[in-house]
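Dear colleague,

Please find the structure we discussed below. My notes on what was found in it follow directly after.

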Amino acid sequence: MSRWLAQGLGGELADLYIDSRGASAAEEYRGRSRLDFLNRLTGDIRRPGFAMVIAETDGLVGCAFGFPVGRDGFWWLGFEGALPRGIEQLTVSGGVFAITDLLVRPHPQDRDVVRRLQEGLLSDHQASLGATLVDPDDHPTLASLRSWGWLDVGEVWRPAGPTMFRALVFPLGERTAARLTGLAREARTRWPG
């Protein structure tokens, strides 16, 4: 989906964001609001290589969007400790795509929708690895990502906003998963389970 189409869907995407989080009006007011989401979407749309995939039935049921991680490794700036070798190699080769949002309206088949969205976005951009950063206090998002196959690989410290994020990756395909097998031996890595 082009950035212009994504901009045109802003209102529907913001509704999907609220629905996917299951936030009440009070939570929406106190937490990350619709406007915050739209501001983040606008910022992401401006990034080089921005891409989005959507899932629809009779309306919008899910979307995933993001941008390619630069080969310079800037995405990983502030990573606590040494970046795992497999992730570093995939980054340098241009095989990492940052998925900045993955939204799915609650549905009995949401796990299948999520799988198709994240795999579609990565394969469309010849990426072998998805990457995302999550506020460590956002327990529902962390739990969802882990249940969908994302691997927790460490902490990233940033000077603005929340200062620390959990870094998670999603390997696409068996070859990529095999390259990341060493992560299981690292103490800071938490595998979904």
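Helix α2 passes α4 in a right-handed crossing. In this predicted model, α2 spans residues 10–21 and α4 spans residues 34–45, and the two helices pack with their axes 9 Å apart at an angle of about 125°.

Among the strands, β1 and β2 run antiparallel and are joined by 6 bridges.

The largest nonpolar core of the model contains 21 residues. Its residues with the most contacts inside the core are F97, I99, L102, L117, L121, L145 and W150. At least two residues each are supplied by β1 (51–56), β3 (96–104), α6 (110–124), α7 (139–147) and β6 (164–171). Helix α6 provides the largest share, with 5 residues. Another core, of 17 residues, lies apart from the largest one and includes V69, L83, I87 and A167. As general background, nonpolar side chains in soluble globular proteins tend to be buried together.

Is Q118 buried or exposed? Its relative accessible area is 1%, so Q118 counts as buried, the cut-off for that class being under 20%. A polar atom of the Q118 side chain lies 3.3 Å from the backbone oxygen of W148.

The second topic is E80, found in the loop between β2 (60–68) and α5 (85–92). With a relative accessibility of 42%, E80 counts as partly exposed, because that class lies between the 20% limit for buried residues and the 50% limit for exposed ones. The side chain of E80 makes a polar contact with the side chain of W157, at 3.0 Å. E80 and A167 are separated by 87 residues in sequence, while their C-alpha atoms are 9.9 Å apart in space. A167 is also one of the residues of the 17-residue core described above.

I would be grateful for your comments on these points.

With kind regards

Terms used:
Residues are numbered from 1 along each chain as its sequence is written. This is a predicted model: local features need pLDDT of at least 70, side-chain atom pairs count only at pLDDT 80 or more; totals for chains, interfaces and linings use all residues. Side-chain values use heavy atoms; hydrogens and water are left out. Helices (H or I, at least four residues) and strands (E, at least two) are DSSP runs, numbered from the N terminus. Buried means under 20% relative accessible area, exposed over 50%, partly exposed in between (1.4 Å probe, protein chains only). A polar contact is a pair of N or O atoms within 3.5 Å; within protein, one must be able to donate a hydrogen and the other to accept it, and residues adjacent in sequence count only if both atoms are side-chain atoms. A nonpolar core is a set of buried Ala, Val, Leu, Ile, Met, Phe, Trp, Tyr and Cys residues joined through side-chain atoms within 4.5 Å. Two strands pair if DSSP finds at least two bridges between them. Axes are lines fitted to C-alpha atoms, for helices over the stretch in contact, and angles run from 0 to 180 degrees between N-to-C directions. A crossing is left-handed if the near helix is turned anticlockwise from the far one by less than a right angle, and right-handed if clockwise.
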